[in-house]
Amino acid sequence: FPSAFVKGWGFLDGAEYILTVLAKLRGSDIGDPTAWDALNTVTAQIEPDGGVAIAKQLVYIIVLKQWTTEVYYDAANSTGSPLGAVQGAKASFGCVSADSVQTVDDTLLWIATTRSASPQVVMMSGLKVDVISTAAVDKLLAAWDYTTIYSWQLKLDGHNFYVITSKVSNMTLVYDLKEHLWWQMTDSSGNYFPIVSSTYNSSMQHLLQHETNGKVYFASRSYVNDDGAQITVDLCPPQFDGGVDRRKMLGMMRILADRQVGSELLLRVNDHD
């Protein structure tokens with residue numbers, strides 16, 4: 001087995017593939033992940049950047065490098081690596097952190113960067129890469145420390161969620177793939193959300209692994225507290241301006257919401273903007 005490789009792997013047509021920091025794709029023998037022929041190697045070299053992570057989408061191996069992404073397919077070559085490059089699928093988005101890469105169904109998401117060193121969250125679907133982070137999210141990502149990154153994904157009640165955390169920057173961001181909305185998630189003290197991975201069990205219950213306390217949590221919309229702590233949600237409506245040179249006042253506010261036992265509703269207002 002290769003001694004040095006980056007995070008991730010891809011299984012394609014009976015063979016396992018890994019990626020090195022020199023952007024070399026190494027493949028195992030078909031049906032035998034213990035055999036690694038040194039000749040079964042191809043270098044992702046459309047651009048001279050190094051390898052960061054490897055993933056799979058549909059029937060393609062996705063090579064995520066420092067500022068570009070390359071795509072490979074099973075070309076059934078008789079010698080060397082069976083993989084061949086999909087030249088037209090090369091994207092000018094690299095990967096900031098291998099720990100940010102997640103696959104949600106047939107969609108690949110990660111924190112990307114380009115030669116301009118501007119972090120963004122991108123989504124690859126059908127080999128097409130689109131930027132999904134907003135200008136506000138990009139501004140936050142530009143200030144992040146990428147020393148320790150956590151990411152995980154959750155599909156719950158018809159919604160797909162992509163979650164990314166910078167531990168050093170003390171922030172967790174969540175993207176809803178269905179609603180195309182971003183929000184910030186915190187623990188009960190306002191710090192980053194300390195979940196590092198997700199999966200599900202044989203009963204199709206969603207499980208979340210805590211960073212340090214040794215617990216595995218169930219995730220469900222039916223829970224109205226988080227391990228006994230009240231869940232706080234801040235809703236910020238858009239600004240409203242009824243016109244200039246006019247005094248404005250709010251005579252009445254009606255709240256339309258579901259009631260939960262033990263919940264509390266607080267309204268905040270300020271005169272700033």
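Strand 15 and strand 16 make a hairpin with four residues between them, and His 180 in the turn has a positive phi of about 60°. Strands here, like helices, are DSSP runs numbered from the N terminus (E, at least two residues, for strands; H or I, at least four, for helices). The model is a predicted one, so local features are given only at pLDDT of at least 70 and side-chain atom pairs only at pLDDT 80 or more, while totals for chains, interfaces and linings use all residues. Residues are numbered from 1 along each chain as its sequence is written, and side-chain values use heavy atoms, with hydrogens and water left out.

As for the chain overall, it has one helix and 21 strands. Its C-alpha trace spans about 80 × 50 × 30 Å along the principal axes. Of the 273 residues, 39% are buried, where buried means under 20% relative accessible area, exposed over 50% and partly exposed in between (1.4 Å probe, protein chains only). Contact stands for heavy atoms within 4.5 Å; among contacts between residues at least 6 apart in sequence, 38% join residues at least 24 apart.

Strand 15 and strand 16 run antiparallel and are joined by four bridges, with Gln 184 as the bridge partner of Leu 173. Two strands count as paired if DSSP finds at least two bridges between them.

Because six of its six residues are buried, strand 15 is largely enclosed by the rest of the structure. Met 171, Leu 173 and Tyr 175 point one way from strand 15, while Thr 172, Val 174 and Asp 176 point the other way.

Next come the cores, a nonpolar core being a set of buried Ala, Val, Leu, Ile, Met, Phe, Trp, Tyr and Cys residues joined through side-chain atoms within 4.5 Å. The largest has 19 residues, and those with the most contacts inside it are Ile 62, Leu 64, Val 101, Leu 108, Trp 110, Met 124 and Val 129. Two or more residues each come from strand 5 (51–57), strand 6 (60–65), strand 10 (107–112) and strand 11 (120–125). Apart from this core lies another, of 17 residues, including Leu 109, Ile 132, Leu 141 and Trp 144. Beyond its neighbours within four places in sequence, Val 101 is in contact with Ala 53, Ala 55, Leu 64, Cys 95, Leu 108, Leu 109, Trp 110 and Ser 151.

Val 101 turns up again in the second largest pocket, where Gly 8, Ile 54, Val 101, Gln 102 and Thr 103 are the closest to the centre among 22 lining residues. The volume of this pocket is about 460 Å³. Strand 5 gives the most to the lining, with five residues.

Thr 199, in strand 17, is partly exposed at 46% relative accessibility. By contrast, Ser 28 is buried, with a relative accessible area of 2%, and sits in the loop between strand 3 (24–27) and strand 4 (41–43). Leaving out residues up to four places away in sequence, Ser 28 touches Ala 15, Glu 16, Pro 33, Ala 35, Trp 36 and Asn 40.

Notes. On a 1 Å grid over the protein atoms alone, a cavity is a set of points where a 1.4 Å probe fits but cannot get out, and a pocket is an open set with protein on both sides within 12 Å along at least five of seven lines; lining residues have an atom within 4 Å of a point. Grid points are joined across faces, edges and corners, and a volume is the space filled by probe spheres set on the points.
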